[in-house]
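Subject: A structure for you to look through

Dear colleague,

I am passing on the structure we spoke about, and I would be glad if you opened it beside this message and followed along as you read.

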Amino acid sequence: MESANIEIVYTLEYKRVKNINLRIKPDGSIHVSAPRKVSKAEVRDFVYSKKDFIFKALDKFEKMKKYQPVCHYSDEKIQNVILEICQEVYPYYQKLGIEYPVIRFRKMVSRWGSCHSTKGILTFNLNLKYADRKCIEYVVLHEFTHFLQPNHSKDFYKELLKVCPDYKIYRRKLKEIILN
Ligand SMILES: [Zn+2]
């Protein structure tokens, strides 16, 4: 953020305090309290002397707001939702000769699911509770499709497209969920 001519908006409250205090709330509002003897111009100088700190804090709150993922399901519920979807999509794969897999759950940061195709195990990320049902369906279909095509080859996406024509939309939505 360039700073030279930027206006900092804040509320000022005169209080029985010794020093000028500056507080930034997570909503981005800036609150200043000052002793009565301090002039408004002095308060303003004080605030602007802290501008680097202020911009940094605002930036942080802005990022937090952006990256705060919405929780769609409770920890208990998410496993049931995933299992339910697995059962919904399975008949298609059953027809293709796939055995119903062992379903496992883990908290993961870097992937939404994984498929151990030779062992018949699908592992799903419990953090899928931050995804909406459509996105979870995509993850389940993605992992089931790995039983047909283990790698992310062209053929894999050809298979995925058959069952999830809008997979790119859900993949992008999932990318917007940042897990820490
Ligand atoms: Zn994959």
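This is a predicted model: local features need pLDDT of at least 70, side-chain atom pairs count only at pLDDT 80 or more; totals for chains, interfaces and linings use all residues.

**The chain as a whole**

The chain contains 6 helices and 6 strands, and if you read along the sequence you will find them in the pattern β-β-β-α-α-α-β-β-β-α-α-α. The radius of gyration is 26 Å, which is well over the 16 Å that the globule rule gives for 180 residues, and the chain is therefore more spread out than a compact globule. Along its principal axes, the C-alpha trace spans about 80 × 35 × 20 Å. Of the 180 residues, 18% are buried, and among the contacts between residues at least 6 apart in sequence, 50% join residues that are at least 24 apart.

Two packed helices are described by the angle between their axes and the distance between the axes.

With α3, helix α4 packs at an angle of about 50°, the axes being 10 Å apart. Because an angle of this kind falls in the class called oblique, α3 is described as oblique to α4, and the crossing of these two helices is right-handed. On the α3 side the contact is made by Val81, Ile82, Ile85, Cys86, Val89 and Tyr93, while on the α4 side it is made by Arg133, Ile136, Glu137, Val140, Leu141 and Phe144. Sorted by class, the residues of this contact are 10 nonpolar, no polar and 2 charged.

With helix α5 (residues 154–163), helix α4 (residues 133–145) packs at an angle of about 135°, and their axes are 10 Å apart. This angle makes α4 oblique to α5, and here too the model has a crossing that is right-handed. The residues that meet are Leu141, His142 and Thr145 in α4 and Phe156, Glu159, Leu160 and Val163 in α5; by class, this contact has 4 nonpolar, 2 polar and 1 charged residues.

With helix α6 (residues 167–175), helix α4 packs at an angle of about 110°, with the axes 9 Å apart. Since angles of 65 to 115 degrees count as roughly perpendicular, α4 is roughly perpendicular to α6. Lys134, Cys135 and Tyr138 of α4 make this contact with Tyr167, Tyr170, Arg171, Lys173 and Leu174 of α6, and its residues divide into 5 nonpolar, no polar and 3 charged.

Is leucine 160 buried or exposed? With 21 other C-beta atoms within 10 Å, leucine 160 is buried, because the cut-off for a buried residue is 20 or more. Not counting residues up to four places away in sequence, leucine 160 touches Leu141, His142, Thr145 and Tyr167. Valine 32, by contrast, is 128 residues from leucine 160 in sequence and 56 Å from it in space, C-alpha to C-alpha.

Cysteine 71 is found in the loop between α2 (51–67) and α3 (75–95), and with 12 other C-beta atoms within 10 Å it is exposed. How far apart in space are cysteine 71 and alanine 131, C-alpha to C-alpha? Although these two residues are 60 residues apart in sequence, they are 7.3 Å apart in space. Leaving out residues up to four places away in sequence, cysteine 71 touches Lys129 and Tyr130.

Isoleucine 121 has its place in strand β6 (residues 121–125) and is partly exposed, with 14 other C-beta atoms within 10 Å. Apart from its neighbours within four places in sequence, isoleucine 121 is in contact with Pro101, Val102, Arg104 and His116. Its C-alpha atom and that of serine 29, 92 residues apart along the chain, are separated by 49 Å.

Lysine 51 lies in helix α2 and counts as partly exposed, with 14 C-beta neighbours inside 10 Å. The C-alpha atoms of lysine 51 and leucine 128 are separated by 39 Å, and the two residues are 77 residues apart along the chain.

Notes
Residues are numbered from 1 along each chain as its sequence is written. Axes are lines fitted to C-alpha atoms, for helices over the stretch in contact, and angles run from 0 to 180 degrees between N-to-C directions. Helices (H or I, at least four residues) and strands (E, at least two) are DSSP runs, numbered from the N terminus. Angles under 35 degrees count as roughly parallel, over 145 as roughly antiparallel, 65 to 115 as roughly perpendicular and the rest as oblique. A crossing is left-handed if the near helix is turned anticlockwise from the far one by less than a right angle, and right-handed if clockwise. Two residues are in contact if their C-beta atoms, placed from the backbone, lie within 7 Å. Ala, Val, Leu, Ile, Met, Phe, Trp, Tyr, Cys and Pro count as nonpolar, Asp, Glu, Lys and Arg as charged, and the others, Gly among them, as polar. The radius of gyration is taken over C-alpha atoms; the globule rule is 2.2 Å times the number of residues to the power 0.38.
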